[in-house]
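Have the structure open while you read.

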Amino acid sequence: MADADLQQLLDTLWRMESPRLIARLARMLGELDSAEELAQDALVAALEHWPRQGIPDNPAAWLMATAQRRAIDRLRQRRLHAQRQAQVIDEQQDYAMGVDPSEQLDDIGDDLLRLVFVACHPELPADARVALTLRLLCGLSTHEIARAYLLPEPTIAQRIVRAKRLLAERRVPFEVPRRQALPMRLQAVLEVIYLVFNEGYAASAGEDWTRPALCEEALRLGRVLSGLMPTAVPVMGLLALMELQASRLRARVGADGAAILLLDQDRTRWDWLQIARGQALLEQAQALGGGADPYVLQAAIAACHARARRAELTDWSAIAALYERLAQALPSPVVELNRVVAIAQAQGAEAAWALLQQLLDAPQLQGYVPLHAVRGDLLARLGRHEEAAVAFSQAAALSSNARERESLLARAAAVPSAQRLLGD
């Protein structure tokens with residue numbers, strides 16, 4: 001294998017496997033910095049050994065085994081008491097035999113979700129908890145996290161550094177909270193899962209419009225969390241939202257990888273079994289009195305789209321009303337921008353245009369691609385074609401995702417024929 005191909009393979013493996021590696025190592029070592037260091041050491045070892053020995057049949061398992069051996073060596077170097085060494089060595093043997101010992105260690109039973117709860121420690125500021133967890137444990141880049149928060153990259157980088165420093169300075173033990181302590185950290189944990197899913201649903205950068213593996217990981221974590229907290233309304237709401245949104249993943253990408261927006265999707269390609277799961281969860285959350293929860297409201301919006309077997313059957317008035325309620329529960333210019341889209345479909349471009357003017361100077365939306373895309377859509381519908389083409393081109397220039405950029409440039413070129421809202 002050529003060096004470039006090997007490097008590409010390792011880059012992909014690191015992106016996919018580093019969260020699990022770091023999660024497992026942090027549980028073994030009890031702290032984060034060494035876990036990250038040894039995970040990277042395992043990657044370097046692969047770069048040294050694989051060109052000579054060949055790529056193993058299961059590269060991910062090779063990385064995990066190598067990292068765990070180094071963690072055991074690190075524990076021995078620290079001269080931990082014999083009982084702790086024996087426990088970790090037994091876990092290594094269980095892992096090699098296909099048994100996951102983490103199932104018996106605490107109430108959570110999942111390495112990655114366990115460490116998400118650990119990293120969301122009350123000692124850390126809320127914004128630092130989420131940034132640290134997304135960066136190290138969920139494999140998102142600083143750029144991707146910054147995009148999710150509509151903040152500059154240096155700000156996010158500082159949060160991550162500050163979080164790691166605080167954990168070290170205060171000697172925060174990496175102990176897993178027991179079941180009764182989980183609710184204290186739930187909000188931050190849900191935020192992490194939600195942002196990971198969103199990055200998978202609409203990738204902020206790269207060549208692909210979606211990253212389904214991230215959506216699957218977020219769904220898996222949500223399902224594990226739902227099993228732990230089966231009556232928690234926000235957990236139900238988030239899981240319902242992810243199930244409903246993920247049902248459209250296959251239809252969001254064309255055979256050539258091009259982005260397909262909501263109103264143009266072939267709805268026969270939606271996963272209707274997944275939609276049914278999401279709708280059932282939504283109904284349970286609403287029955288428990290969670291109608292005002294932000295995740296439940298977003299799931300209700302997704303359910304409105306899911307009920308429409310054809311785009312023209314979408315109840316946009318109901319969606320606009322739900323966005324109004326969501327704006328009260330979770331004030332955000334992004335929510336308001338989505339409400340503008342719904343009002344444009346329900347009441348027309350002129351009504352939406354008046355509302356959009358209130359958002360054009362919002363600091364959080366400066367450089368936000370969807371703002372310029374929605375502006376372009378409304379301008380096209382109002383017959384202001386030259387301005388629409390400029391707005392689409394501005395949106396394309398701001399995008400770091402190749403497929404999104406292609407779509408926006410195509411819309412700019414299609415003006416004045418583009419008469420449809422972005423809607424996704």
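## Where two helices cross

In this predicted model, helix 7 (residues 142–149) and helix 8 (residues 153–169) have axes that come within 8 Å of each other and cross at roughly 110 degrees. Angles of 65 to 115 degrees count as roughly perpendicular, so that is how helix 7 sits relative to helix 8.

Which residues make the contact? On the helix 7 side they are T142, H143, I145, A146 and Y149, and helix 8 brings E153, I156, A157 and I160. Sort this contact by class and you get six nonpolar, two polar and one charged residues.

## Helix 7 and what follows

Now for burial: T142, E144, I145, A146 and Y149 are the buried residues of helix 7. I145, for one, is buried and also takes part in the contact with helix 8.

Just past the end of helix 7, have a look at the backbone of L150, where phi is positive, at about 55 degrees.

## The second largest pocket

Elsewhere, there's a pocket to check out.

What supplies the lining? Helix 1 (3–29), strand 1 (205–206) and helix 10 (212–228) each give at least two residues, with helix 1 providing the largest share, five residues.

Terms used:
Residues are numbered from 1 along each chain as its sequence is written. This is a predicted model: local features need pLDDT of at least 70, side-chain atom pairs count only at pLDDT 80 or more; totals for chains, interfaces and linings use all residues. Side-chain values use heavy atoms; hydrogens and water are left out. Helices (H or I, at least four residues) and strands (E, at least two) are DSSP runs, numbered from the N terminus. Axes are lines fitted to C-alpha atoms, for helices over the stretch in contact, and angles run from 0 to 180 degrees between N-to-C directions. Angles under 35 degrees count as roughly parallel, over 145 as roughly antiparallel, 65 to 115 as roughly perpendicular and the rest as oblique. Contact means heavy atoms within 4.5 Å. Ala, Val, Leu, Ile, Met, Phe, Trp, Tyr, Cys and Pro count as nonpolar, Asp, Glu, Lys and Arg as charged, and the others, Gly among them, as polar. Buried means under 20% relative accessible area, exposed over 50%, partly exposed in between (1.4 Å probe, protein chains only).
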